[in-house]
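User: I have a model open here and would like a walk through it. Where do we start?
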There are 2 protein chains.
Amino acid sequence: MRRAHRIAAITKTLVEQPHHVFAVGDFATLFDVARSTLSEDLAIIRSTFERLEMGRVETISGAVGGVRYMPYFTRKQSLEHVEAVCNRLREPERILPGGFIYTDDLISSPQILRNVGQIFATEFQKQDPEYVVTVETAGIPVALQTANALDVPLVVVRRQSRPTEGPVLTMNFLSGSARHVETMSLSRRALARNSRVLLVDDFMKAGGTLRGLSDLMGEFECSVVGKGVFIETGWPEEKLISDHLPLIYLQEVDTVAQKVVVSPADWILT
Amino acid sequence: MRRAHRIAAITKTLVEQPHHVFAVGDFATLFDVARSTLSEDLAIIRSTFERLEMGRVETISGAVGGVRYMPYFTRKQSLEHVEAVCNRLREPERILPGGFIYTDDLISSPQILRNVGQIFATEFQKQDPEYVVTVETAGIPVALQTANALDVPLVVVRRQSRPTEGPVLTMNFLSGSARHVETMSLSRRALARNSRVLLVDDFMKAGGTLRGLSDLMGEFECSVVGKGVFIETGWPEEKLISDHLPLIYLQEVDTVAQKVVVSPADWILT
C-alpha cells in the first residue's frame with residue numbers, strides 16, 4: 001500500500017474514534033511498513049489537520065508509542081457554530097405559549113449535536129474526564145456527542161429508577177426554577193468510585209438540576225471536573241451554581257413582540 | 001498541498017459526516033486543484049476503504065457532482081461486533097433479581113453504540129430513512145448513533161409531554177409484556193408529513209412499544225421503512241410485530257444457574 005492509501009486508512013481510523021490511543025506499531029504491522037515510514041505518514045496527517053484547523057493529532061512517545069486524534073475547535077470555529085444555532089433560535093415561530101421556546105429540532109440535528117459535543121470536548125479535555133453524566137431526557141443527545149468526542153462512557157441519571165438498573169442510589173433535589181422537590185436516581189454500578197466526571201445538560205435555568213447532579217456525584221465519591229450547558233436562560237437572575245460553561249445565553253423570550261433575545265455566551269465572544 | 005495532505009483532509013471531512021453529500025467542486029476550490037486531480041484523490045480513498053472493508057465512498061455524477069462516505073459493515077464485521085456484545089452479556093454479574101439483566105454500561109459505551117449505529121445504517125440505508133425515531137429513555141443513545149451514521153435527525157417520542165414541545169399528539173398503547181396501557185406523545189412539529197422513518201429501540205419483549213410507535217407514525221402520516229432492535233428477548237413467545245431486525249436474542253436469564261443464554265440474531269449468522 002502506498003502512502004496516500006495508508007493516510008486514508010489511518011485518518012479514518014483516528015477520526016472515527018476521537019481520543020482513543022492507537023498503537024503506532026499496530027498500524028506499522030497492518031501496512032507492513034517501517035515505523036519510521038509510519039511516523040512520516042502521521043506527520044503529514046498532523047500537519048494537515050493543524051494547517052486546516054481540523055483538530056489535533058497527538059503522538060505519544062515511549063516504549064509502546066501511540067497516536068490519537070483530538071477534536072479541537074478554535075474560538076472562532078466555536079463561535080461560528082454557536083452563532084448558527086443562535087440564528088435558528090431567533091426564528092419567531094419557535095415561541096410557544098408561556099414564553100417557552102421549541103428547541104427539539106436543534107437537539108435532534110446530528111450536525112449541531114456533533115459541533116456542540118466537539119466544543120465541550122475542546123473546552124474540557126484538559127480536565128481528562130472519565131465519564132460524561134447527564135439526566136434524562138433532553139440532555140442525552142448533547143451529552144452523548146460530548147462523550148463520543150472524548151471517548152468516555154455516557155451515564156444517564158434517571159428521574160425514576162427501573163428494575164433493570166439493580167440497586168440504585170436515589171436522591172431528592174430542589175428544582176431551582178420551579179421551587180419543588182424532584183428525584184433523581186442512578187444505579188450503584190454506573191460509576192467507579194473516585195472518577196472524574198463531566199456534567200452536561202441541554203438547558204439550565206436556575207441550575208437546580210446541575211446542582212443536584214453535583215451532589216449526587218459526591219454520593220458516588222466522584223469529582224465533578226466540569227459542567228457544560230448548551231443553553232442557559234437569563235432568568236432567574238440568581239443561579240444555584242456558578243462554575244458552569246454555557247454555550248448560549250437565552251436572555252428573553254418576548255411573546256408580545258415575538259422576539260427571542262439570544263447570544264453566544266460571553267467567554268466565546270472574547 | 002500535496003496529494004497525501006489532501007487525502008488526509010478529505011477523508012476526515014467525509015468520515016466525520018457520514019452520508020452527507022459534499023460537492024467535489026468545493027474540495028477542488030479549497031485545495032486549488034483541477035477536478036481531475038481531485039477525482040484521483042477520491043479514487044484512492046474509495047479503493048482503500050474497499051480493500052480494507054472500511055465502508056463505502058460513493059461518487060455521485062452529474063452537473064454538480066458529489067461524494068459521500070457511507071458506513072458499511074460486512075456480515076462478518078457485524079457478527080464480530082455483535083458477538084463481542086453477547087460475550088459481555090454473558091457475564092453472570094449482570095443478572096439482577098427477577099431475571100432482569102444490567103445493560104446500562106453497554107448502551108453507555110461510545111464504541112458499542114457506534115458499532116450498533118453502523119450496523120443499523122448498513123442494513124437500513126437502502127430504505128433511505130429521513131428520520132430515526134425512538135421513545136425515551138434507554139433507546140436514545142442507540143437511536144442517535146444510528147441517526148448519526150445516516151445523517152438524519154433523531155426524533156424522541158416522550159412518555160409525558162412537556163410545555164416546551166408546543167402542541168403534541170398523544171396516544172395510548174398497550175404494553176405487550178406488562179399488559180397495561182401506556183402513553184406516548186410527540187410534538188406536532190417533530191416530523192414532516194409523508195416522511196420515511198426508521199424506528200430504533202434498545203430492548204424489545206413483546207414489541208408493544210414498537211407497535212405503538214408504528215401506530216403513532218401513522219398518525220403523523222409517515223411511513224415506517226424499518227425497525228431496528230438492539231436486544232430482543234425470547235419471552236413472551238408471541239410478538240406484536242414481525243418485520244423487525246434484532247441484533248441480539250436474549251433467550252433466557254437463568255437466575256438459579258446464574259447463566260445468560262444469548263446469541264446473535266439468526267440473520268447475522270447466515
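This is a predicted model: local features need pLDDT of at least 70, side-chain atom pairs count only at pLDDT 80 or more; totals for chains, interfaces and linings use all residues.
Analyst: With a definition: copies are superposed by least squares on the C-alpha atoms of residues with pLDDT of at least 70 in both. On that basis, the residue of chain A that comes closest to the rotation axis is Ala4(A), at 2.5 Å (C-alpha).

User: What rotation superposes chain A on chain B?
Analyst: A rotation of 180 degrees, with 0.0 Å of shift along its axis and an RMSD of 0.0 Å. The two copies are therefore related as by a two-fold rotation axis.

User: OK. How many residues does the contact take from chain A and from chain B?
Analyst: 45 from chain A and 45 from chain B, where contact means that C-beta atoms, placed from the backbone, lie within 7 Å.

User: And which element gives the most on the chain A side?
Analyst: H1(A), with ten residues. Other elements that give two or more residues there include helix H3 (35-51) and helix H6 (140-150) of chain A. Helices (H or I, at least four residues) and strands (E, at least two) are DSSP runs, numbered from the N terminus.

User: Why do you say the copies meet through the same surface?
Analyst: Because 100% of the interface residues of chain A are also interface residues in chain B.

User: Switching to the chain alone. How is chain A divided?
Analyst: Into domain 1 (3-70) and domain 2 (75-269), with bounds from an automatic or database domain assignment. The centres of the two domains, taken over C-alpha atoms, are 33 Å apart. Their contact takes six residues from domain 1 of chain A and five residues from domain 2 of chain A.

User: How many helices and strands in chain A?
Analyst: Eight helices and 13 strands. The C-alpha trace of chain A spans about 65 × 45 × 30 Å along its principal axes.

User: And what share of chain A is buried?
Analyst: 47% of its 270 residues. A residue is buried if 20 or more other C-beta atoms lie within 10 Å of its own, exposed if 12 or fewer, and partly exposed in between, with C-beta atoms placed from the backbone.

Definitions and conventions. Residues are numbered from 1 along each chain as its sequence is written. Chains are lettered from A and ligands numbered from 1 in the order in which they are written. Two residues are in contact if their C-beta atoms, placed from the backbone, lie within 7 Å.
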